[in-house]
Amino acid sequence: MSDLTYVRVGTRWAYVCILLELGAREIIGQSAGANKNAELVHKAFSTVKGNLFDIQMFHTDRGSEFDNMLIDELLDSFQINRSLSMKDCPYDNAVAESTFKMIKAEFIYSRRFETLDSSSWNCWIMSTGSTTSVYTEHLDTCHQQSLRDPVPYKICPTYC
């Protein structure tokens with residue numbers, strides 16, 4: 001599953017694309033850039049640490065960033081099936097939307113980013129590319145003693 005959102009960077013807007021693995025609700029790919037386009041989605045796929053051939057399904061809304069020739073070629077190359085949200089059905093992408101809500105509430109709104117190259121932005125982008133979820137990372141940062149990483153408990157990597 002994937003979606004895009006916007007964040008304030010300096011005096012302009014920047015865009016963030018995430019790829020979610022629904023089984024563990026973890027971010028497996030991400031990218032940020034000045035333009036909301038297919039290249040941003042393509043760049044997010046390039047950050048996936050696992051084998052792209054293991055991804056069985058790619059679900060998104062009907063935005064032109066996802067439904068275009070560049071993404072079609074990428075999905076065809078790795079034999080990934082496409083799933084688009086039903087027309088006028090915002091609930092299909094609810095997991096991605098709730099993930100963005102959490103990211104903004106827990107990370108973005110409490111900071112000011114001057115550039116996409118700022119150290120705090122890069123630190124967060126790199127840490128979300130790991131095998132732990134954003135929520136897990138946040139709780140680890142808050143020193144929650146009883147938290148256990150969900151990754152060892154995964155049975156089958158479905159990815160997106």
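Here are some questions and answers about this predicted model.

Me: Which strands stand at the edges of the sheet?
Reply: Happy to start there! Three strands form an open antiparallel sheet in the order β1-β2-β3. Two of these strands have a single partner each, so one side of each is left without a neighbour in the sheet. The edge strands are β1 (2–9) and β3 (26–33).

Me: Over how many bridges do β1 and β2 pair?
Reply: The pairing of these two strands is antiparallel, and V9 stands opposite R12 in β2. From one strand to the next, the sheet's twist averages 25 degrees. As for β1 and β2, the number of bridges is eight.

Me: At about what angle does α3 run to β1?
Reply: Two helices are worth a look here. α1 lies across β1, β2 and β3, running at about 140 degrees to β3. α3 also lies across β1, β2 and β3, and its angle to β1 is about 25 degrees.

Me: Which element gives the most to the largest nonpolar core?
Reply: That core has 18 residues, and L19, V41, F45, F58 and L75 touch the most other members. At least two residues each come from β2 (12–21), α1 (38–45) and α2 (69–77). With five residues, the top contributor is α1.

Me: Is T115 buried, partly exposed or exposed, and why?
Reply: T115 sits in the loop between α3 (94–108) and α4 (119–128). Its C-alpha is 9.2 Å from that of A14, although the two are 101 residues apart in sequence. Buried means under 20% relative accessible area and exposed means over 50%. Because its relative accessibility is 40%, T115 counts as partly exposed.

Note on methods:
Residues numbered from 1 in each chain as written. Predicted model: local features only at pLDDT ≥ 70, side-chain atom pairs only at ≥ 80, totals over all residues. Heavy atoms only, no water. Helix = DSSP H or I, 4+ residues; strand = E, 2+ residues; numbered from the N terminus. Buried < 20%, exposed > 50% of the residue type's maximum accessible area, 1.4 Å probe, protein only. Core = buried A, V, L, I, M, F, W, Y, C linked by side-chain atoms within 4.5 Å. Pairing = 2+ DSSP bridges. Axes fitted to C-alpha atoms, helices over the stretch in contact; angles between N-to-C directions. Contact = heavy atoms within 4.5 Å.
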